[in-house]
Amino acid sequence: MPRVSELFFKTAVVFLVLGIAAGLQMAISGDHGAFPAHAHINLLGWVTSAIFGGYYALNPAKAERRVAMIHYGLYTVGLVIMLPALYWMLAGGHPDVEPVVAIGSLIVAASVLVFAFVVFSAAETVRSATAATAR
Ligand code: HEM
């Protein structure tokens with residue numbers, strides 16, 4: 001499996017554990033107020049990361065390009081900023097952290113544009129763009 005796929009899957013499973021923990025916490029406490037955070041941890045953190053990992057596993061030529069690792073780094077940093085802040089905002093009742101959620105969300109959105117570039121580019125184009133960036 002390409003390294004970027006391995007990284008995406010390892011990251012995904014960490015978010016799955018956290019997402020399920022947040023789900024169990026809501027179910028046990030009976031307070032479902034943080035359900036949007038739980039849903040985003042599971043869907044952005046687990047499901048989407050795993051889909052990215054699967055895409056690169058199916059496209060090893062693209063997985064080798066530096067832009068794939070830029071995609072991974074940007075997406076993961078975005079999630080690490082956004083998801084704890086979203087949880088803290090909803091479960092902890094701290095609306096003041098909303099700007100942090102916004103910054104994380106914008107990084108996640110930017111990384112999705114990078115992924116769109118990877119998907120719509122031929123493997124050769126991705127290689128050329130990466131080489132040009134490295135110069
Ligand atoms: C042991 C595992 C899980 C537990 C205990 C759990 C628990 C919960 C609870 C208590 C809610 C709030 C329901 C409500 O108030 O309407 C919820 C909502 C939600 N969960 Fe989970 N969950 C689990 C796993 C997952 C997974 C793996 C996913 C996605 C891959 C997921 C996606 C969602 C979504 C999207 C919602 C929001 C649904 C809505 O809009 O009402 N959950 N979950």
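I take helices as DSSP runs of H or I with at least four residues, numbered from the N terminus. The model I am consulting is predicted.

**Entry 1, ligand shell.** I looked up which residues surround the ligand and found 14, the closest being Gly23, His32, Phe35, Ala39 and Asn42. Two elements, α1 (3-29) and α2 (35-58), each give two or more residues to this shell. I then asked which element gives the most to the shell around the ligand. I noted that α2 does, with 7 residues. By residue class, I recorded 9 nonpolar and 5 polar residues in the shell, and no charged ones.

I consulted the UniProt record, an unreviewed entry, where the annotation "transmembrane region" covers residues 7-28, 40-58, 70-90 and 102-123. For residues 7-28 I found 100% helix and 0% strand, with the end C-alpha atoms 32 Å apart. For residues 70-90 the end C-alpha atoms lie 30 Å apart, and the span is again 100% helix and 0% strand.

I located Thr11 in helix α1. Is Thr11 buried or exposed? I count Thr11 as buried because 21 C-beta neighbours lie inside 10 Å, and the cut-off for a buried residue is 20 or more. Leaving aside residues up to four places away in sequence, I found that Thr11 touches Ser49 and Thr76. I also looked up Tyr55, which is 44 residues from Thr11 along the chain; the C-alpha atoms of Thr11 and Tyr55 are separated by 15 Å.

Note on methods. Residues numbered from 1 in each chain as written. Predicted model: local features only at pLDDT ≥ 70, side-chain atom pairs only at ≥ 80, totals over all residues. Near = placed C-beta within 6 Å. Nonpolar A, V, L, I, M, F, W, Y, C, P; charged D, E, K, R; others polar. UniProt positions renumbered as here; feature names shortened; annotations may be inferred. Buried ≥ 20, exposed ≤ 12 C-beta atoms within 10 Å, placed from the backbone. Contact = placed C-beta atoms within 7 Å.
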